[in-house]
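Please examine the sequence and the three-dimensional structure shown below. A report on the fold and on selected residues accompanies them.

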Amino acid sequence: MHVCGQRSRVRAIIAIIAILTLTACGSRRSHEALENALRGTGVATTAQQSGSVSPPTAVPTAGGGTTAGGSGSAGTVIGGGTTSVGTTSGGSTGSAGAPVTNTGGSTTAPNSLVPGVEKCAAEKAPVVIGSVGEQSGLAGAAVAGGASMVSAWAAYVNSLGGLRCHPIKFIKADDGAEPSRNAALTEQLVEQDHVVAFVFNNAPLAATGSESYLVSHHIPVVGSEGADDFYNDYPNFFPQMPSGRWAIYASYAGLPSQLTASQRQHVGLIYCIEASACSIFGSAEGKADIAHDGMRLVYSASASLTAPDFSSECLGAKRAGATFLIIVLDPNSIHRAAANCRSAGYTGRLGTVASVVVPDDASDSNLNGMIFDSIVKPWTTKGNAQITLMNQVISQYAPGLSPIGTPAQGWTAAQIFAYSSTFWPNKQKISSADITAALDKVRHYDAGGLTGPISYYPGRPAPPVVCWFEMSLNKGKFSTPDNGKRQCK
């Protein structure tokens, strides 16, 4: 793999993909909104940019959790213009039925697929976890679903009695895509709200704001949306899937196996030019990654997201003999480019990256046959108990949340956190140091096949585990050609 030497460039590549993704809503935004986002405007409101942070105030809600100023039955939002704050804690009990005894003598809820869940005679102190990132705006539309999934996961876990008899209190904060606000909110959650770990920080545009604070204060961070390369650099960061440069590699690695030998040798690429980060897909570095995976690039072209038509690029790919065309644009532009290519007589196969796949792709006949890689287990996988449970939890605790995109990433991070709880000490209050020590004992854990076999070690950055799952869109349905079989390098 060709690795970019500059961390900021790698972060920017994936950040731009995150901005372009509209996963949570599945809608198509105007070119003006996309252009503003790429210029760094239109993401945070004036109130968000002010950086003021109000202390949490919680009020009871149905289901045993608490919330204030937000929507949904559980969860917390701090920031996002007018400050709205709440918590997920407590929870109803007994939804899993009567307890059963395990070999260690404790009682666990039957059929629970969440490690660390126990039926307890006495409740211990809550464990407070958080997520700071882009919960709103264009970037939030791409990544907020992962944090919403963690909120639903916490509500479900609390309905079973918590982890190791500790209820989970989850707080999420909206940084408005501002690094300074990300830093302020992270500090508040740790020092005022007593967050002891972060689970799925979704901040592709603002994560650097809190990087030094989290490192210097040894706060464990479990998982993210995959944008930041520094998750591979520090021992208190615990990526749940390929992150940074490894995420880019995994996004390409599975494409060749879905192509014919001829298609692999006749690859075309259309990439956006709205920001310098976007154009790296067409740079020597980006092309090297494609070549490393056994494909040969015969055509590449840059294009503007605000272009009314992509016919010239499509014709260029056709004339160059490209029989497989990778389109790295925003979801709206991908729809238009596919239509233009088909109208121009381009009949080759299309490909993209999973982070720009949205629900309404399924209704676009021009995208029929499109392929991409997912870096966690696809939501369409049949017969996987974790995917089945995740979809059930969405239905019960987060109705309306689409499983496409970051929700499965958030679920994977939460399940790794749950597994690490099996190593927590038996005491009333769990600290950040306890959680870090427990995570450092995780070995070859893949969360029921959701990710690659993850291992963490004391005092060392997490070793990269580069795995992916092939996906395609055929006849209006997302699917996996091998029902979610994991591939790794």
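## Basis of the report

This is a predicted model, in which local features need pLDDT of at least 70 and side-chain atom pairs count only at pLDDT 80 or more, whereas totals for chains, interfaces and linings use all residues. Residues are numbered from 1 along each chain as its sequence is written, and side-chain values use heavy atoms, with hydrogens and water left out.

## The chain as a whole

The protein chain contains 14 helices and 18 strands. These are DSSP runs numbered from the N terminus, with helices (H or I) of at least four residues and strands (E) of at least two. Of its 489 residues, 58% count as buried; buried means under 20% relative accessible area, exposed over 50%, and partly exposed in between, with a 1.4 Å probe and protein chains only.

The accessible surface of the protein chain is about 17,200 Å², and carbon and sulfur atoms account for 52% of it. Such areas come from the Shrake-Rupley method with a 1.4 Å probe, and for residues only the protein chains shown count as cover. Among contacts (heavy atoms within 4.5 Å) between residues at least 6 apart in sequence, 69% join residues at least 24 apart.

A nonpolar core is a set of buried Ala, Val, Leu, Ile, Met, Phe, Trp, Tyr and Cys residues joined through side-chain atoms within 4.5 Å. The largest has 91 residues, and Ile129, Trp153, Leu163 and Phe417 have the most contacts inside it. Helix 4 gives the most to this core, with 8 residues. Another core, of 18 residues, lies apart from it and includes Val190 and Phe237.

Alanine 147 lies in helix 4 (residues 137-159) and is buried, with a relative accessible area of 0%. Beyond its neighbours within four places in sequence, alanine 147 touches Ser131, Gln135, Phe170, Lys172, Phe200 and Asn202. Its C-alpha atom is separated by 8.2 Å from that of valine 199, which is 52 residues away along the chain.

## Strand 8 and its partners

Strand 8 (residues 197-201) is mostly covered, with 5 of its 5 residues buried. Strand 6 (residues 127-133) pairs with strand 8 in the parallel sense over 2 bridges, and isoleucine 129 stands opposite alanine 197. Pairing requires that DSSP find at least two bridges between two strands.

Strand 8 also pairs with strand 9 (residues 221-224), in the parallel sense over 3 bridges; here phenylalanine 198 stands opposite valine 221. Together with helix 6 (residues 208-216), strands 8 and 9 make a right-handed β-α-β unit. Right-handed means that, with the strands pointing away from the viewer, the path from the first strand over the helix to the second runs clockwise.

## Helix 11

Helix 11 (residues 331-343) has 13 residues and should span 18 Å at 1.5 Å a residue; its end C-alpha atoms are 19 Å apart, which agrees. The expected span is 1.5 Å times one less than the number of residues. Just after helix 11, glycine 345 takes a positive phi of about 90°.

Arginine 164 has a positive phi near 50° and lies in the loop between helix 4 and strand 7 (168-174). Its relative accessible area is 17%, so arginine 164 counts as buried.

Histidine 444 likewise has a positive phi near 50°, and its place is in the loop between helix 14 (432-439) and strand 16 (467-474). Histidine 444 counts as exposed because its relative accessibility is 59%.
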